[in-house]
Amino acid sequence: MYNRWYDNYPELKSLLQLLEKVDSRYLDVIAQDFLQIILDKYSDRFDDAIRQMSENAPPRYLRWYDENYDLHTCIEFIKTLNDNEREDLIKSFIMSLVSFITNVDDE
């Protein structure tokens with residue numbers, strides 16, 4: 001079986017499994033919210049991380065989340081964090097997703 005880098009992080013793996021099932025109409029909004037969370041928490045590092053991602057961008061994108069550039073950016077940014085930061089950011093993403101789903105269900 002193929003082992004992806006995020007398989008080593010159960011919370012991230014679960015989050016991505018949930019996101020993969022989200023309707024693409026909503027995925028854009030969710031990904032933009034995730035980007036805002038990153039900017040709020042890591043504004044001092046975000047520009048450098050984006051520059052590094054751009055320099056190391058693969059010639060083509062193969063993963064399902066690569067189809068949404070904002071989501072791709074968020075997931076790739078996670079790679080730049082230490083374990084505590086990664087855990088904190090993933091929890092923030094999960095809380096954001098739960099809030100979004102709750103609000104969509106209420107409408």
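Predicted model: local features only at pLDDT ≥ 70, side-chain atom pairs only at ≥ 80, totals over all residues.

Residues are numbered from 1 along each chain as its sequence is written, and side-chain values use heavy atoms, with hydrogens and water left out.

## Aromatic pairs

The structure holds six aromatic pairs, counted when the rings of Phe, Tyr and Trp (its six-membered ring) have centres within 6.5 Å, with planes under 30 degrees apart taken as stacked, over 60 as edge-to-face and the rest as tilted. The pair of Phe34 and Phe93 is stacked, because the ring centres lie 4.1 Å apart and the planes meet at 5°. This pair links distant parts of the chain, with Phe34 in helix α2 (residues 24-55) and Phe93 in helix α4 (residues 83-106), 59 residues apart. Phe34 has 0% relative accessibility and therefore counts as buried, and Phe93, at 0% relative accessibility, counts as buried too.

Tyr42 and Phe77 form a tilted aromatic pair, at 5.7 Å centre to centre and 50° between the planes. Because Tyr42 lies in helix α2 and Phe77 in helix α3 (residues 69-78), the pair ties together parts that are 35 residues apart in sequence. Elsewhere, ring pairs link Trp5, Tyr6, Tyr9 and Tyr65 into a cluster.

## Helix α3

Helix α3 is mostly covered, with eight of its ten residues buried. The buried residues are Leu71, His72, Thr73, Cys74, Ile75, Glu76, Phe77 and Ile78.

## The chain as a whole

The protein chain has four helices and zero strands, and follows the pattern α-α-α-α along the sequence; helices (H or I, at least four residues) and strands (E, at least two) are DSSP runs numbered from the N terminus. Of its 107 residues, 36% count as buried.

Among contacts (heavy atoms within 4.5 Å) between residues at least 6 apart in sequence, 67% join residues at least 24 apart. The accessible surface of the protein chain comes to about 7100 Å², of which 48% belongs to carbon and sulfur atoms, by the Shrake-Rupley method with a 1.4 Å probe.

Methods:
Buried < 20%, exposed > 50% of the residue type's maximum accessible area, 1.4 Å probe, protein only.
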